[in-house]
Amino acid sequence: MPGPHHPSRPTRRHRVFLPGALLSVATLGGLALFFPGTGAEGATTTTTTTPAATPAPATTPTTSPNNTPASSLKPTAKGSTCGTVNLKGVSNVYNTGNPNNSTFKHCSGGHIVSYGSGAITYTNPPTSQAQAGKLLFDQTCSSCHGSQANGVGPNGQASIGPNLQGVGTATVDFWITTGRMPAVNVKAIEAERKPPVLTNAQALQVAAYINSLDPAVPAVPTPHLNAADVSDGADLFSLNCAACHTITGAGDALAFGTNAPTLNNKRVTPQQIAEAIRIGPANMPRFSGNLSDAQVRDVVAYVTQNIQHPVNPGGAGLGGVGPVAEGFVALLLGVGGLALICFWIGERS
Amino acid sequence: MSAPTTTPRTKRQAKAALGPYGRAGSIVNDLDDRLGIAKGGRVFLDKIFPDHWSFMLGEISLYSFVVLLATGVFLSLYFVPSASQVVYHCAATATNCYHPLNGQRVSEAFSSTVNISFGVRGGLLVRQMHHWSADIFTGSIIVHMARIFFTGAFRKPRELNWIIGVTMLTLAIFEGFIGYSLPDDLISGTGLRIGYSIAESIPLVGTYLVTFLWGGQFPGTGIIIPRFYLIHVLIIPLVLLGLIGAHLTLLVAQKHTQFAGEGRTETNVVGSPMFPTFMAKTTGFLFMVTAACALLGAFAQINPIWQFGSYDASKISYAVQPDWYMGWLDGALRIMPSWEWTGWGYTIPFEVLLPAVVFPGLIFTIAGIWPAMERRMTGDVMLHNLLDRPRDRPKRTAAGAAMLALLFTLFAASSTDVLANFFHISLNEVLWFFRIATIVVPVIVAALAYQICLEMQGVHGIGRRKRAVVVRRSADGEYSTVASDPRPDDERTEMDPEPVPERIDVEPLVGGAVAASNGAPSPTGVRQVTR
Amino acid sequence: MSDDQHEPTRTKVPMPIAAFDDPHLGDAARNPQRVEAIVGGIFVLAIIFIAGFGAAYWQNWDPWILGGTIGAGLFLLGFGLTAWGKYLMPQGPFVEERHVLASSTEERDLMSAALVERTAVVVKRRKLLGGLFALGAGIFGIVALFPLLRSLGPVPGDTLALTNWRKGTRLVDSNGRPVHLETLVVGGIMTVYPRGMVNTDEGQATDQTVLIRVQRTDFTTVPGRETWAPAGYVAYSKACTHLGCPVGLYEQELELLVCPCHQSMFNVRNGAVPQFGPAPRPLPQLPLTFDANGYLAAQAGYDQPVGPGYWTRSNTT
């Protein structure tokens, strides 16, 4: 049976194979675990009941105290009247997303076309698109948000999705272009970013339709990044954004299954960042009067430049999550690798 | 061989006058005249080092400490240990600075660290090497300590060395914490804030401790940075150097332990000689440890403080953990329920004291007194130079495994948010999981380790290739087993250990090795022993 | 060979280069010339890399090139040297006898005797002197600590309980701008400081406050605080009561302030009572009011020390 054909001692292959396999597994595992991509993308599976966030009914804008910010020029209103606009989502601090307190305002046919400042231009899609938007809405959104987009289902009971009347075009555009809407898992505590179902143009059509039901603000922001102060943006980001999104924008899990998404994702556009800041989607706070358009623009510039293209002269970013990943690498690759070298150098008896 | 009495006239005469050992011999003579090193020196060169691979783990610590010293000196040439605020300037066209910081008020410590990273040639590499080797330093200490623990190398006469080692581990952890807090960036500054609060929570003296050290209510006068700098650059390295010296001296005096085996007894050491073999291997290993730190420093970014910004006590980032060797404390702080006691006008924040002061104190105390505890528990007061296999001491192995499992669970608990994000589980559920796991996992691991030890004890020849078993079936259908013939490599051949010869014949080594390559047995004085 | 040289009398013994039959060394030991060639090649590669590091440094190339070259070069150098030591140098196994650590019983007795008997000379005959010296050394030991303890300062006193918020102190943001009714909308949050304390260490560490607009009308967090949150603006100390981290993470729909450090969760509706995590106490609430100019100001300072707990905390309430 067993003949004397075996070599008389373990071959070099054996001595290299096991340590080499261990090292490769450790390296690949470490790299796979900690390279970018630990953001909360994809469908979430947690199921926790959310507190129903029914917005207050639309009200007329509140009067401001007698000391509106000093530099409030009267905005130029080109064209005919601008009609009434639901202003509950914005403050009246100058150049913070309120059409009546911005550097310029363009209206047409009783609707706001655009407004803003040199830093951000807020634009509404043309009202003519509302009809196409209604078709899309009926197909894609009405089953959850009600046929009138008012959060009322066919039998008069509350629908799964909230009332969309008076949310403004920026809100609709944000949720649709990030793919969060239409929601896949309606029981999830927060809708996650996923590949969008509707195109950007279609999103604007739906926005036009929603806005036609109850015109509101903010409109879709377009930040003008050329004059941005990235340093100011970095400062603002660390004070206002890093507490949830982390200082490197990697995103992380928050309380009770919610999360702050990663900003390192290249699909996050400047427009979406500005929208999120101004509308405060889901659990994100809403930044209005406390951040001017210029400041929002600076933050957007910082995110698109340094968060999405981090300056990593030191090598692999290890996911931007800091010492946890670094510790694993140091122990597995550093100490582990050196221990394997010890294994080679020394005896095994 | 005495020095020649006549002055040599020619080169050849001069060379001859040096004696049969040439210049080296005359140097030995000169030194021996003054220092008396010849006899002790030869004993030193003959020193035997056992060869087991796990005995080299301490060398990882030693050599990474050397890397720390060297890289640290470089860094200290450029670092400014001051918390005074300056405005960071980075012109738009400049390439040796970090633009998003331009115009921001930062501390000088932070500014100088960013300058090291961007403005000093090789600075970022050295900075990263310094940080990686600090992580490797503490990591290898733990691994080395585990080896010592599980093989019982801390027993008499080496208890003092064990205590020195535990002290060095404590110092290493503090040194690392202080070191990465020096740049005064947002994340390490948060760690300092937490450290302040932990110290503050100590009853009676806590508030005095922190206002003294920091110079007032947090963040104090900023003097904490230069004080930490001094501690990090001078005080702890000096103490560590002294302790390392003591550690190695004891090792040399008491000689290294070894595993039991052929020719190995309680009263000898078997292995390879110091010169040239061990010196070559260990020097090579020094280069490889340095290389590992350099490669990590080259390809894996660590602590990119420019992305964090200077410390501002009202700013915070999410997903902040301390460096890994402090992670177990952070995890303990997270899972601790909020038990604060207030009474008679006094407050004791147990939710801070217990996980961050009492618990680590307990761990390090148990570690330090373990040799005494084990002596008392086992009644074993004998001197031991042979090591245990971990499986031969199942209770000790189970206890050590449980301790490591506890520390690892706590370390994992410090990344609850990262884990919750990665696995898409609610943060709250992850935290509750760790509250339970911290208690349950060590118990399970201890039980498992104990069982595995017992089983491994019972199995003869575990880890070796087993003889194949031939199963025969008779015509009646009965099965029986027959041990197969031994394979050629089932036999272990090993040489009898011999003392280091005083004089060696160099020729066969460098020229005559060819003759030996045909498998002829080695020359005089050595026998083969077949098991 | 000159006339002066004489051969040592002890014979030379061939030192085994390696245990040729040592199963761990395998055929490397049997083919030393092949090993030598390989190690030589490794050294050549190492030289190339190390020289490459020199060039990279001179040319100021990127850190990864600097580190990669020196790392690879040093690794190969070390690897070659170790391989040289492992395969081409005498492995043994050699044996060395351990000398007995313990001295003989006689030596021990003599040592103990020296200690005990000579100490007795001091103790028995010169007790007074010994006592006085011990007293002097002891007192020195105590007073030597004085500079370490007393020159350090300051004594904490009441400072840990004080913030710069007073009656009428205006809230300002990080740029010094005051806050008025319309600054925040519902669901908004900002960090505020007392006017004049922006960009100061104290303002940031101790006075830092989060301002959240929870609704548009006045609301009460806790009975007794009916006037503290006008127009839905509620202000809490940003210093976490656990360990002092800034509690800047606000979840708008859950109305939850989460501390990023150890994930304590505070409900902003009911006075920032911690509902999860290690924080022991609610965040102190700053009572707000709109001053004559319509800007938000504090009605008074905090009603308790902010931040983490410490020994005398309850004494200073």
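These legends go with a set of close-up views of a predicted model.

View 1. The stretch to be careful with is residues 512–531 of chain B, where pLDDT stays under 50. The model still gives that stretch 29 contacts beyond four places in sequence. Where pLDDT is low, though, the predicted coordinates should not be read in detail.

**View 2. The largest cavity.** There are 11 cavities of 30 Å³ or more in the model, and the largest has a volume of about 660 Å³. Its lining is made up of 46 residues, and the closest to its centre are His245(A), Pro261(A), Ala276(A), Pro281(A) and Met284(A). What kinds of residue make up the lining of the largest cavity? They divide into 29 nonpolar, 10 polar and seven charged.

**View 3. Which elements supply the lining of the largest cavity.** Chains A and C both have elements that each supply at least two lining residues. From chain A these are helix 4 (169–177), helix 6 (230–240), helix 7 (242–245), strand 7 (259–260), helix 8 (270–279) and helix 9 (293–307). From chain C they are strand 3 (189–194) and strand 6 (249–251). Helix 8 of chain A gives the most, with four residues.

View 4. Over all chains, the structure holds 20 salt bridges.

**View 5. Where chain B meets chain C.** On the chain B side 117 residues take part in the contact, and on the chain C side 99 do. The two chains bury about 9600 Å² between them, with carbon and sulfur atoms giving 64% of that area. Look for Arg121(B), Phe212(B) and Arg503(B): they supply 8% of the area that chain B buries against chain C, more than any other three residues. Two salt bridges cross this interface. In a salt bridge between Glu340(B) and Arg281(C), the side chains meet at 2.7 Å, N to O.

**View 6. Where chain A meets chain B.** This contact takes 66 residues from chain A and 71 residues from chain B. About 5500 Å² is buried here, 66% of it on carbon and sulfur atoms. How many salt bridges cross the interface of chain A and chain B? The count is one. In a salt bridge at 2.4 Å, N to O, the side chain of Lys315(B) meets that of Asp235(A).

View 7. Most residues other than glycine have a negative phi, and most peptide bonds are trans. In chain A, the bond from Val217(A) to Pro218(A) is cis, with omega near 5 degrees. Pro218(A) belongs to the loop between helix 5 (200–213) and strand 5 (220–223) of chain A. Chain B has a cis bond from Phe275(B) to Pro276(B), with omega near 0 degrees, and Pro276(B) falls in helix 11 (residues 274–299). Back in chain A, Phe256(A) is not a glycine, yet its phi is positive, at about 55 degrees. You can find Phe256(A) in the loop between strand 6 (252–253) and strand 7 of chain A.

Notes: Residues numbered from 1 in each chain as written. Chains lettered and ligands numbered in written order. Predicted model: local features only at pLDDT ≥ 70, side-chain atom pairs only at ≥ 80, totals over all residues. Heavy atoms only, no water. pLDDT = per-residue confidence, 0-100. Contact = heavy atoms within 4.5 Å. 1 Å grid on protein atoms, 1.4 Å probe; cavity = no way out; pocket = protein on both sides within 12 Å on 5 of 7 lines; lining within 4 Å. Points joined across faces, edges and corners; volume = space filled by probe spheres on them. Nonpolar A, V, L, I, M, F, W, Y, C, P; charged D, E, K, R; others polar. Buried area = accessible area lost by both parts, 1.4 Å probe. Salt bridge = Lys/Arg side-chain N within 4 Å of Asp/Glu carboxyl O.
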